[in-house]
Amino acid sequence: MASLLPRFEWLPGLQGRSLRSDVVAGLTSAAVVIPQSMGYATLAGLPVQVGLYTAFVPMIIYALLGTSRALSVSTTSTLAVLTVAALSEAVPGADGAALLQATASLALLVGAVLILAALLRLGFIANFISEPVLVGFKAGVGIVIIVDQVPKILGIHFAKGSFLHNLNAIVLGVAHTSIPTLVLGVGAIAGFTALKRFRPNWPAPLIVVALAIAGIAWLGWDKHGIDLVGMIPSGVPGVTMPNPGLAEALWPSALGMAFMSFVETAAAGRAFARTDEPRENAELLATGVANTLGAFLGAMPGGGGTSQTAVNRMAGARSQIAGLVTALMALLAMLLLSPVIALMPQAVLASIVLFYSASLIKPEGFRAIFEVRRREFIWALVAALGVVLIGTLRGILVAIVVSLVSLAEQSVSPPVYALGRKPGTNVFRARSHEHPEDEFFPGLLLLRLDGRLFFLNAELTAQKIRPLLAEAHPKVVAIDFSGVFDLEFSALKALTEADRRLQEAGVQVWLVGLNPEVLAVVQRSPLGAALGRARLLFDLEIAVRNYLSLHAGHADTRDS
């Protein structure tokens with residue numbers, strides 16, 4: 001338990017230049033995080049102030065308990081779209097106090113799952129989605145978010161439904177587009193794009209939001225039918241009590257959201273890590289407590305965000321003090337800026353969400369996967385389509401299942417290589433048309449296996465070996481086991497049967513280069529007795545020398 005608790009290793013460095021750097025980073029990050037969080041709250045179908053609360057409470061808790069010095073914790077576009085999916089299933093049509101109570105219940109459950117995972121030392125679960133599948137999953141989420149936000153940019157309204165329903169409604173509603181709203185939304189996106197390209201260190205969300213609010217306040221843009229955020233409660237958040245009766249309906253969603261929260265938090269922390277940060281189980285505890293306490297103070301489910309953490313680090317964050325400064329700015333916004341936030345156009349909030357969510361779609365990531373591993377490119381597409389077609393929450397399950405299927409496919413189909421020897425060396429490599437000069441030995445078939453041999457792949461491995469035997473007609477088959485790290489009982493039994501059948505056909509099997517664990521398994525079995533020491537060899541060079549010596553009448557007896 002002690003290893004999960006914060007060490008506060010950054011406290012001694014809070015002086016002079018380091019402290020100034022953290023304060024500047026916190027202020028800069030606040031200019032990005034606060035507008036983003038408000039936008040993500042609207043994406044989740046929640047009041048704007050929930051975004052402020054999420055940039056306040058979780059940020060403080062993580063700063064006190066987290067192990068990544070630059071990680072910025074509020075909420076993300078992925079968690080926002082998962083939140084709206086969870087709430088729409090558990091409390092369809094809820095609004096007002098009932099919706100906020102359901103949000104608190106969901107955040108509490110997410111926090112509880114993360115804390116339990118920390119206590120059970122499940123930090124490794126962050127690796128349960130492979131990189132190609134994660135690329136596809138995030139792309140699917142990005143597409144869903146864009147389709148969700150486009151109506152706000154167009155200024156059209158319709159009842160939300162599935163992805164295909166929303167897409168069809170957008171097409172049908174284009175004729176009713178509010179031109180002033182569209183101009184403002186597109187202008188905001190153009191502003192983000194220009195600032196990112198020409199002034200990447202400037203707080204683009206704050207600048208665009210400030211200009212839009214100024215346009216509403218001084219030029220009366222709202223008179224042209226542009227929807228505004230409207231008045232929000234000022235002051236610190238009040239206590240919101242979760243509804244225990246919603247636990248049964250929300251816990252499946254909370255499991256998936258806790259998983260994605262930790263995956264995103266771990267990815268952001270690793271991307272900007274220094275020294276030994278972050279510690280995964282401690283991160284689970286920190287984000288779990290942040291969600292749990294945030295639930296009682298009006299926050300939505302949260303976690304670490306890559307884009308906001310990048311801003312924090314590039315602005316010079318050296319410790320968690322930067323996060324505390326960002327939280328302080330969120331508090332000041334709650335206390336002082338409610339009348340100003342009320343003038344914020346909904347189209348500008350949507351443009352913030354749309355602009356940053358578009359970065360979830362990475363064509364270059366798909367291209368890199370396609371060029372290297374075509375099969376994993378298919379897995380990435382399946383993950384993306386799973387999110388788009390069956391929903392974000394079920395898309396998490398699709399992503400995990402696809403990752404596990406991909407792993408299983410690799411496990412059940414281990415490679416089998418026929419080998420030759422590079423002339424003048426003791427290097428043995430797979431036969432290839434690129435190396436026609438490699439040495440082969442009539443009557444001796446050299447094979448190499450890689451990976452774990454177990455009940456699922458034993459027969460498939462045998463099927464790969466049979467054509468090689470039929471082609472070579474060997475007297476001896478020497479199988480290099482140096483790449484086999486485990487030999488399960490079913491595979492051992494199949495190997496024993498194969499040795500017996502080949503012996504009856506006049507073919508000897510030699511096992512070469514077994515690691516100590518696999519050698520011990522073989523020696524304790526009937527196969528070990530059948531092979532004896534003579535057919536358990538140390539390496540392929542000895543196997544070749546023994547074979548040549550036997551044919552010359554002089555055996556080399558060195559073995560394993």
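This is a predicted model: local features need pLDDT of at least 70, side-chain atom pairs count only at pLDDT 80 or more; totals for chains, interfaces and linings use all residues.
In helix α12, which covers residues 306-314, the residues Gln-308, Thr-309, Ala-310, Asn-312 and Arg-313 are buried. The helix is followed by Gly-316, a residue whose phi is positive, near 110°.

Seen as a whole, the protein contains 23 helices and eight strands, and its C-alpha trace spans about 100 × 60 × 50 Å along the principal axes. Of its 560 residues, 52% are buried, while the accessible surface comes to about 25200 Å², with 65% of that area belonging to carbon and sulfur atoms. When contacts between residues at least 6 apart in sequence are considered, 80% of them join residues at least 24 apart. The charged side chains number 40 positive and 36 negative, and the centres of these two sets lie 5 Å apart.

Ala-55 lies in the loop between α2 (48-54) and α3 (57-65), and it counts as buried because its relative accessible area is 0%, where the cut-off is under 20%. Leaving aside residues up to four places away in sequence, Ala-55 touches Val-33, Ser-37, Ser-74, Ala-327 and Ala-330. By contrast, Val-135 is 80 residues from Ala-55 along the chain, and the C-alpha atoms of the two are separated by 26 Å.

Side chains of opposite charge can pair when their charged atoms come close. A search of the whole structure finds 13 salt bridges. One of them joins Asp-148 and Lys-160, with the closest N and O atoms 3.2 Å apart. This pair links distant parts of the chain, since Asp-148 belongs to helix α6 (residues 131-154) and Lys-160 to the loop between α6 and α7 (163-173), 12 residues apart. The two partners fall into separate accessibility classes: Asp-148 is buried, with a relative accessible area of 16%, whereas Lys-160 is partly exposed, at 45%.

A further salt bridge brings together the side chains of Asp-486 and Arg-452, at 3.1 Å from N to O. Asp-486 lies in strand β6 (residues 476-487) and Arg-452 in strand β5 (residues 444-453), so this pair ties together parts that are 34 residues apart in sequence. Asp-486 counts as partly exposed at 30% relative accessibility, and Arg-452 is likewise partly exposed, with a relative accessible area of 38%.

Arg-466 forms a salt bridge with Glu-459, the closest N and O atoms again being 3.1 Å apart. Here Arg-466 is partly exposed at 42% relative accessibility, and Glu-459 is partly exposed with a relative accessible area of 42%. Elsewhere, Arg-421, Glu-439 and Glu-541 are linked in a network of salt bridges.

Most residues other than glycine have a negative phi, and most peptide bonds are trans. Arg-121, although not a glycine, has a positive phi of about 60°; this residue is placed in the loop between α5 (96-119) and α6, and it is partly exposed, with a relative accessible area of 37%. His-473 is also not a glycine and has a positive phi, in this case of about 45°. His-473 is found in the loop between α19 (458-472) and β6, and it counts as exposed because its relative accessibility is 65%, over the 50% that the class requires.

Key: Residues are numbered from 1 along each chain as its sequence is written. Side-chain values use heavy atoms; hydrogens and water are left out. Helices (H or I, at least four residues) and strands (E, at least two) are DSSP runs, numbered from the N terminus. Buried means under 20% relative accessible area, exposed over 50%, partly exposed in between (1.4 Å probe, protein chains only). Contact means heavy atoms within 4.5 Å. Accessible areas come from the Shrake-Rupley method with a 1.4 Å probe; for residues, only the protein chains shown count as cover. Lys and Arg count as positive and Asp and Glu as negative; His and the chain ends are not counted. The place of a charge is taken as NZ of Lys, CZ of Arg, CG of Asp or CD of Glu. A salt bridge is a side-chain nitrogen of Lys or Arg within 4 Å of a carboxyl oxygen of Asp or Glu.
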